[in-house]
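Subject: Handover of a structure and summary of findings

Dear colleague,

Please find below the structure that I am handing over to you. My notes on it follow directly after.

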Amino acid sequence: MKLGNKIALVSGASRGIGRQIALDLAKEGADIALNYRSNAVAAEETAQEIRALGRQCLLLQADVSEEEDARRVVEQTVAEYGHIDILVNNAGIDEQFLIWEMPVERWDNMIKTNLRSQFLMTRFTVPYMMEQRSGRIICISSQCAQKGAVELSHYSAAKGGVMSFVKCIARE
């Protein structure tokens, strides 16, 4: 097992890409802290699959685009497992609007969910990784960050922000 004794915190992991990432990390031997925002049924199903692989799985309901929720998710993971080796910033949403029809609050929510959450989760995890002198941070972006897409200007902007954010934190 490549990731035996490793702890992975995956945001937005109850379904889709995050779910598959959590399962794949568990298959490689990692124990998982699985964050989800609202779909408790899907989160529990994913947790059961992880546990069936012989791995531990901590379920953490939170909106990680909110500062206190993100802090709590990281602190609960460390309290349960003692450390975090891998952070996967995957929480995100996808909805379509033409720019001239997009309500400002939908723009703001996209940036908050798809970009701010990655900043917050990274911000609260990095001090633990620095203390243990190791760790990996994976930030999920999209080809839309470079190509753009019709009705996805807010999504593309958020994912482009993720790409720039990753370049900066890698230098730091």
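A polar contact is a pair of N or O atoms within 3.5 Å; within protein, one atom must be able to donate a hydrogen and the other to accept it, and residues adjacent in sequence count only if both atoms are side-chain atoms. By that criterion, a polar atom of the asparagine 35 side chain lies 3.1 Å from the backbone oxygen of leucine 60.

Please note that this is a predicted model, in which local features need pLDDT of at least 70, side-chain atom pairs count only at pLDDT 80 or more, and totals for chains, interfaces and linings use all residues. Residues are numbered from 1 along each chain as its sequence is written, and side-chain values use heavy atoms, with hydrogens and water left out.

Asparagine 35

Asparagine 35 is placed in strand E2 (residues 31-36); helices (H or I, at least four residues) and strands (E, at least two) are DSSP runs, numbered from the N terminus. With 2% relative accessibility, asparagine 35 is buried (buried means under 20% relative accessible area, exposed over 50%, and partly exposed in between, with a 1.4 Å probe and protein chains only). A polar atom of its side chain also lies 3.2 Å from the backbone nitrogen of glycine 12. Beyond its neighbours within four places in sequence, asparagine 35 has contacts that include Val10, Ser11, Ala62 and Val73, where contact means heavy atoms within 4.5 Å.

Valine 88

Valine 88 belongs to strand E4 (residues 86-89) and is buried, at 1% relative accessibility. Setting aside neighbours within four places in sequence, it touches Leu9, Val10, Ser11, Ile21, Leu25, Ile138 and Ile140.

Helix packing

Helix H4 (residues 104-132) packs on helix H6 (residues 153-171) at an angle of about 20°, the axes being 8 Å apart. Axes are lines fitted to C-alpha atoms, for helices over the stretch in contact, and angles run from 0 to 180 degrees between N-to-C directions. H4 is therefore roughly parallel to H6 (angles under 35 degrees count as roughly parallel, over 145 as roughly antiparallel, 65 to 115 as roughly perpendicular and the rest as oblique). The residues of this contact between H4 and H6 comprise 11 nonpolar, 6 polar and 2 charged; Ala, Val, Leu, Ile, Met, Phe, Trp, Tyr, Cys and Pro count as nonpolar, Asp, Glu, Lys and Arg as charged, and the others, Gly among them, as polar.

H4 also packs with helix H3 (residues 67-81), their axes coming within 9 Å and crossing at roughly 35°. The contact of H3 with H4 involves 8 nonpolar, 1 polar and 4 charged residues.

Histidine 154

Histidine 154 lies in H6 and is buried, with a relative accessible area of 0%. Apart from neighbours within four places in sequence, its contacts include Phe97, Met102, Arg106 and Trp107.

Two positive phi values

Arginine 133, in the loop between H4 and strand E5 (136-139), has a phi near 60°, a positive value in a residue other than glycine. Arginine 133 is exposed, at 76% relative accessibility. Glutamate 151 likewise is not a glycine, yet has a positive phi of about 70°. Its place is the loop between helix H5 (144-147) and H6, and glutamate 151 is partly exposed, with a relative accessible area of 30%.

Yours sincerely
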